[in-house]
Amino acid sequence: MATKDAPVNNPMVDPVTGEYRVIAPGHSFKSVTEEVSRIVLTSHTPLGWWFGFMVAGTVVGILTICVTWLFLKGVGIWAVTIPVAWGFAIVEFVWWIGIGHAGTLISAILLLFKQGWRNSINRFAEAMTIFAVICAAMFPVLHLGRPWLGYWLFPYPNTMNYWPQFRSPLMWDVFAVSTYGTISVVFWYIGMIPDLGTLRDRSQTKVGQFFYGLLAVGWRGSVRHWVRYETSSLLLAGLATPLVLSVHSVISLDFSVALMPGWHTTIFPPYFVAGAIYSGFAMVLTLAIPIRKFYHLEDLITIRHIDNCNKVMLATGLIVAYGYSTEVFMAWYSASHWEYFMMWNRMFGPMGWSYWTLITCNIALPQLLWSRKLRKNVGFTFLMALIINTGMYFERFVIVVTSLTRDYLPSSWGTYRATKWDYGTFFGTLGLFTFLFFLFIRFLPMIPMSELRMMLPQARVREKAEPIPEAGD
Amino acid sequence: MAESASELVQIETKKPTLAEVRAKLANQQGKRFWRSVDELAETPEFAEMVAKEFPSQASEWIDPVSRRAFLKVMGASMALAGLAGCTKQPDEPIYPYVTAPPDLTLGKPVYFASAFPFASGAVPVLVKSEAYRPIKVEGNPEHPYIRGGSDPITQATLLDMYDPDRSQHVLYRGDTRSWPAFLAAFRSMLADKKPSGGQGLCFLSTTVTSPTLAGQWQQAQKNYPQAKFVQYDPVNRDSHYTAAKQAFGSFVDAQYRLDQADVIVSLDADFLGGATFPGFHKLARDYGQKRKLDGTDAMNRLYVVESVTTSTGFKAEHRLALKPSEVAAFAAALAGAVGAGSAAGGANWSDHESRFLQGVTTDLKASAGKCVVIPGEFAAPEVHLAAFAMNQALGNVGKTVVYTDPVNPMPSIQTDDLKALVADMNAGKVDWLVILNANPVYATPVDLNFEDALNRVGTIVHLGSHVDETGEIAHWHINNAHYLEMWSDARAYDGTASIVQPMIDPLYGGHSANEILQSMLEEPDVSAYDAVRGTWKDQLAKGDPEFNWRKALHDGWIDGTAFAPKTVTPKGGLGSVPAPAGGDSVELAFRPDTNVYDGRYANVGWMQEIPRPVTNLSWDNAAQMSFATLEKHGLAENDAVEIAMGGKKIIAGALAVPGQSDGVVVVTLGQGRRSGRVAGGVGYNGYLIQQSGAPWMQAGASLRKTGGTYDICVTKSHHIDQRAVSAGGDGSGTHSLEGNESLDRGIIRYATLSEFKADPEFAHEGEGHDTPEPDDSMFPAYRYDKNAWGMSIDLNSCVGCNACVAACYAENNIPVVGRLQTKIGRIMQWIRIDTYFEGDLAAPRAHFQPMTCHQCENAPCEQVCPVGATVHTPEGLNMMIYNRCVGTRYCSNNCPYKVRRFNFLLYSDVYDWDDKTLALMRNPEVSVRSRGVMEKCSYCVQRIEAVKIEADKENRNIRDGEIRTACQQACPTDAIVFGNINDRTSRVAKLKTLERTYGVLADINTRPRTTYVAGVLNINEELAKSLGEYSS
């Protein structure tokens, strides 16, 4: 992507490649380390952090109330009914899992593709994945009629000699999500070990030294350690890469395997994966832009990152748009009455507003990203990220709820009107996600120092010493 | 018992203790069996002691007490095994059978024949009794008149008996009294009045159907010639009897023999709508039989002229909606046209109406002697006069119409009698008013001001099952014994008498009207049992009287008691036919609620919840009107509308009903009750604008939009199809989207008779591809080696009466979920009647389709359950394992028929387990489901298994027809057939080979075990052509 017309005197632009830099000029190993570790090791927690943490904590309180009442009364406090037996809970499950995908994509696939720019954002993208999976994983349990028996979905040995039913896609979800959660946590943790060593070494407090020391599991930064570290990262990246494709594919099978019009379609796996990455990148931007601003990390998370994320969103957004148009085309081309009616109902039925919201948020507005100028506008990007997150929520809403409101037998058509407990639970998980994220940015290095240091020009091994133009001191 | 006394209430030591009474009774009576304990428990000493010992049984029922405490009370007040058994009070939480009666095996139900007394004629029933708890009421399949089948109200009487809100004591001004205390007061009054011949004593009773009760009154009348006995039911037969008196000079009932009728013309008669119509069960059965096309292509044809949209109207081949005031004129015009006399006055008929009239006339004339004209119970007397004349002129009398003695032994024009009574009351002439099972404070026309008139009555006695609106005002309230708790007798509509047997000793020691009247006679202590036996002594005298009596009890009817046809000829012509109310005035049509009737079943949860036919109203009534009327008054559905009539006003929710005649508002009676935990506050009270002059129709009402909204609860709403033709719609903007889709999707298939003859395979037309073979699936096909259960539902004879739904509630312990849950789609019914409207909603055709689990062989639900909680049995049933269900609800999402029901909340608890009485009603063979569990129709697997066990014991195969599902058993038209489809000779297997049989949604390869027999309409081709109907 040519960015040659960028002003030459802009220090953020690499004069050789003409592209925006991944790291602002003038940084050294030390400055990078300090920039990142000061956030964690400071003894002065910013007031803004406390404020955000409190707000998020309050929302977690709401979630706790919602969940407690849910367990006491039953899922009947939600709006789920017959025929719409799945509502917000499943919408949110799919939405959160989708959001997680960007983290894995950034950390695994981009690592394999040697996309160095990913290094600045991969840590918190991975954290985002984990927190999103935590939020997502709550829902399959919460939405059960008898959540205390949720463990029956696991194939554990029991005296009844009774297994789960392996033909059910919900069963596959259990494996997909639990695998995904495990790999994500391991990958995240192993990637963090060198940085935890740094924090251990730089920590001024006994507590910090003890806990970071514990977590650093004896990291000394020896060559042997680095070799093992690189190998395991690559291996885990290799393991995680298929998950990016498989997890959301499996989740899409919850719908594809069923015979409801609007669910029963073979296009779902690829289009769910694209949608997941789409929403995931939107969430990365939603998080990165305020953090970058608040902690003054513009040097490390640069316009280059924002531009790249926008490009990924544009690309995946187009895939998603292709998916939608294929659905519409197939509704007509299949000559199936069910499909035709389903599509008509999505567009012009009582819940047509949700479809058009989805089209506006996910297809129409993101076309603005073709403009390079807008792609590099931080405020616009933030707004676009929020729009896409909303759009992706509506995509799942349209698939889950609108399809169910009017299915095969017209006598059983119904509607869906979310209750305060539905909203409370949804905003509660947003709060939980934010809450965990606040803890993360306060206590763990959100930007991988070790990987960033490797990107500095100083890290380049050269045959012959020569003056380094951008070197600092 | 002593230990329990302390946990219950304080004992008044002055009064005889239980031990004393027990000793006294034990000496006198010794060990006796349950039937006689009834008498024993009624002895005044004992009754008084019980009342003193447990003055607050009420709190005992309502409070969440242990089952043990409940049984102690029950043991004391009922003592099923004879009082001697109580000397050693069992602590075990079981029934105190010290000596089990020889005919009782715990866990094995016993069936008793009885009869449900109903104003329009008793419904002979078989009551399933589990350990002497009645748990299911079914139509008596061997009864010559009913031959099985029932209706929602009959089914619901079970819950009515176990209703925890029933009154449990004799009350005097709100305080508990004993029955002997009442009797003492009553007898002293009688003694006072004896010299004056009972002057000032009046009885106000519901319609009497018991010959014994009538006999008791007639005897009492001899002693007290001045006492009065007035019968009044809000749903009465005044129109019919007024006309009968005028035409025949005597009260007669008309019985229609639809098995002989090829052409049926209904003049506002909802004879397929439920037990409200006299003789419903037989009419529905005969109607259904003539629509089976069983080896013949002869069918009946139904014309309906109606002022209120009913399911009968929608079963008609040709239906004409008129205003209520036009029906009489139309009837007269029709009578004139068929040559049955002419009437003064007339009306200007529109082109459409004239053609309809012409078509019906031609058809009636062509099938003279094989046709019948049925007038509606709520139509004017002139409609009945016209019907009498037409049936006479067409030679139907003796063939399709038979006149008999009335089923009511004391027929009367009830509204006139009530008016006279109210006049007497207002004149201060009524000293004692004994109200028997009626609720006149609530259920009388508003212009009579019955409540005010009551203020001028000295003493008011109210015998009732509940402390209802009347019971609250009455001085004395006597708790009534339910018909399942007492001895009585009743006649079915054809006159066949049945003995009403008690299935259980009165739960709350209630008393019957028989007992009150008996106390006026010379032998006041004759028990109801003896009184009933006395009534039928002569009938049963031939041969061995004891044997005959037992046979009558066993069979459920007394042979040879059916009425003989009476030869009567109508005289006096058509009367003066009232002219239709012209102009723009809004006419009100009053109708009893299909489920809660006149309000007496309003506290029965099943009846509130089960959606009404056509309107699908649940837990509500509405101001029903046509779309055009709605629009004309600037209303929208769900608007609160004020209906003013004769200076009185009510506020109701506006509801558009397809096919309703314009300019008419239908007001439903029976809701808007003040009392009762279930009934209270539901809907509006239609009696508040009912006028005694013309209780069923009133012109000159006014409608006013109040500006508020009334959130009507309907289980199924209809959307107008706004799609253009290019989008798959019809482009008219007047059709129902659901109706259009049901036809496009092949859910409803039907043809006219000539189309059927031309193409017997019409039901399979357009099925694009062959059904895939079972082996085409990824998963191996199931093999069904022995039994393969299947069901066939005949859409041609289904009349949408809801009997199957109510029966399913009773059989399968289905919880009642309440208004809010119903409104948001969580009604738990396992079988429902889907209603689709075809064509212009101003005058649509409707299709009823009972929908229940299809037990798919290739079941979408089974595949998606992650824990294997819904599985396939070797006999092809699709079973829910409640204990395994974790409640993902995926199965429901994937069910194309949406027949699965989910316990979103703890439904059973709310309505059952707080009230221990309801727990007694539960079918012990069916699990009560808890929160978070999916449930659905099981083809009544408990009945299948019971029969299989019997067959296994006898080492034989199951016979066809031996297993009857609850819905099949309840169906009055025999539309549901269940059986083994592997057995090629079974009825269901044969039905499945019919060319009209089709599977709903079979093209998505669910391989449903339930199939439907497509409807065939025997239309009048000429009339259809001239009206432009059935053109597509």
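I noted that the crossing of α5(A) and α6(A) is left-handed, meaning that the near helix is turned anticlockwise from the far one by less than a right angle (clockwise would be right-handed). I am working on a predicted model, in which local features need pLDDT of at least 70 and side-chain atom pairs count only at pLDDT 80 or more, while totals for chains, interfaces and linings use all residues. Residues are numbered from 1 along each chain as its sequence is written, and chains are lettered from A and ligands numbered from 1 in the order in which they are written.

**Entry 1: the helix pair**

I looked up the geometry of α5(A) and helix α6 (residues 206–215) of chain A, which pack at an angle of about 160° with axes 8 Å apart. Axes are lines fitted to C-alpha atoms, for helices over the stretch in contact, and angles run from 0 to 180 degrees between N-to-C directions. The two helices, α5(A) and α6(A), are therefore roughly antiparallel; angles under 35 degrees count as roughly parallel, over 145 as roughly antiparallel, 65 to 115 as roughly perpendicular and the rest as oblique.

Which residues meet between α5(A) and α6(A)? I found L196(A), L199(A) and R200(A) on the α5(A) side, and Q209(A), Y212(A), G213(A) and L215(A) on the α6(A) side. Contact here means C-beta atoms, placed from the backbone, within 7 Å. I sorted the residues of this contact into four nonpolar, two polar and one charged. Ala, Val, Leu, Ile, Met, Phe, Trp, Tyr, Cys and Pro count as nonpolar, Asp, Glu, Lys and Arg as charged, and the others, Gly among them, as polar.

**Entry 2: chain A overall**

I listed 15 helices and zero strands for chain A. Helices (H or I, at least four residues) and strands (E, at least two) are DSSP runs, numbered from the N terminus. The C-alpha atoms of chain A fill a box of roughly 80 × 55 × 40 Å along the principal axes. Buried residues make up 48% of the 473 residues in chain A; buried means 20 or more other C-beta atoms within 10 Å of the residue's own, exposed 12 or fewer, and partly exposed in between.

I also checked P83(A): the peptide bond from I82(A) to P83(A) is cis, with omega near 15°. P83(A) sits in the loop between α2 (47–73) and α3 (88–112) of chain A.

**Entry 3: where A meets B**

I found 41 residues of chain A in contact with 43 residues of chain B. On the chain A side, α5 (169–202) and α10 (337–348) each supply at least two residues. The largest share, four residues, comes from α10(A). The chain A side divides into 26 nonpolar, 11 polar and four charged residues.

I placed S792(B) in strand β26 (residues 789–794). S792(B) counts as buried, with 24 C-beta neighbours inside 10 Å. Its C-alpha atom and that of V1013(B), 221 residues apart along the chain, are separated by 7.0 Å.

Is R889(B) buried or exposed? R889(B) is buried, with 27 other C-beta atoms within 10 Å. R889(B) has a positive phi of about 65° although it is not a glycine, and lies in the loop between β30 (878–880) and α29 (890–893).

N955(B), also not a glycine, has a positive phi near 55°. I found N955(B) in the loop between α32 (941–953) and α33 (966–970), exposed, with 6 other C-beta atoms within 10 Å.

Key
Two residues are in contact if their C-beta atoms, placed from the backbone, lie within 7 Å.
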